[in-house]
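Hi everyone, thanks for coming. Please put the model up on the screen, and let's walk through a few spots together.

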Amino acid sequence: MIGEIDLKGKNEIKKSNWYSGIWKQFFPSDLMRDKQKESEIVYKQEPTVLEGDYSEELDEKTFWSLIDLIDMDQEDPMEALICHLEKLPVETIYAFEETLSHKLFLLNRPEHAGVDGESEEYLSPDAFLYARCAVITEGQHYFDQVVKEAAEIDLEWDAEELLEVASEAYSRKTGETFDYVSSFDYETYSNTSAWEK
C-alpha cells in the first residue's frame, strides 16, 4: 500500500503464470549470478550510451498521455495506443520505445521484485518484466509512487503486450520490421549495479 494506492489490488490486470519456490532447488546460485552479470549496462538516471544511434526520449507529458490510451479492460488493451502511434512520425515511435525502455529499466530493481541478496525464492525474469509493464499501464502517478517508495510489485500482474506496441505501430506504418534497439536494457537483472548489491 502506498498512501491511498493499493499496489496489490489491481485485479483488472490479467494474471500471468509464475512459479514461486525455493529457487536453489531449481535455479543454481552460480547460474543466477551469471545471469545478473550478462548485461554491461550500469544503472544510472541517464543511459550509458553504447555505440549506435539512439532516439531522444519523449517528454513526460507526451509519453504518459500516450500510455493513458491503454485500456486493460478491453480484449485488445493496446489497440487504441497502437492506432494513435502509427499515425505519428517514425521518430516518435522510436522515442516511445526509448522512453518505455527507460521506465522499465528504472523499475528493474530487487526491491520492486520483493527480493534481496539473500533471498532463496525463485524470481521469474519474464513475470517480473511483464509486471513492470503493468505498473506503467497504470499511468504516471502510479508509476512515480512505486519508484519513489521503492514499492514491491505484484508479480501476478501481466501487461506483456506493452512490449510490442512500438514494433506493431512501426510495422503498420511502414510495412517493415521494427529493428530499433534502445539504449536501455530492460530485461530482468540487466540493472547490474542494483542487483549485485
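Let's start with phenylalanine 128 and its neighbours. Leaving out residues up to four places away in sequence, phenylalanine 128 touches Leu107, Asn108, Arg109, His112, Ala113, Leu123, Ile153, Leu155, Thr188 and Trp195; contact here means heavy atoms within 4.5 Å. Before I go on, a word on the source: this is a predicted model, where local features need pLDDT of at least 70 and side-chain atom pairs count only at pLDDT 80 or more, while totals for chains, interfaces and linings use all residues. Residues are numbered from 1 along each chain as its sequence is written, and side-chain values use heavy atoms, with hydrogens and water left out.

Is phenylalanine 128 buried or exposed? Phenylalanine 128 is buried, with a relative accessible area of 0%. Buried means under 20% relative accessible area, exposed over 50%, and partly exposed in between, using a 1.4 Å probe and protein chains only. Phenylalanine 128 is found in helix α6, residues 125-137. Helices are DSSP runs (H or I, at least four residues), as are strands (E, at least two), numbered from the N terminus. Now look at glutamate 156: it is 28 residues from phenylalanine 128 in sequence, and 8.6 Å away in space, C-alpha to C-alpha.

Next, how helix α6 meets helix α4. Two packed helices are described by the angle between their axes and the distance between the axes. α4 and α6 pack at an angle of about 115°, with their axes 10 Å apart. Axes are lines fitted to C-alpha atoms, for helices over the stretch in contact, and angles run from 0 to 180 degrees between N-to-C directions. The two helices α4 and α6 are therefore roughly perpendicular. Angles under 35 degrees count as roughly parallel, over 145 as roughly antiparallel, 65 to 115 as roughly perpendicular, and the rest as oblique. From α4, the contact uses Leu100, Lys103 and Leu104, and from α6 it uses Leu129, Arg132, Cys133 and Ile136.

Helix α4 (residues 90-106) has another partner, helix α8 (residues 165-174): their axes come within 9 Å and cross at roughly 170°. So α4 and α8 are roughly antiparallel to each other. Residues making this contact include Val90 and Tyr94 of α4, and Ala169 and Tyr170 of α8.

Last, confidence. The protein averages a pLDDT of 78, and 71% of the residues score at least 70; pLDDT is the predictor's confidence in each residue, from 0 to 100. Over residues 7-51 the pLDDT is below 50.
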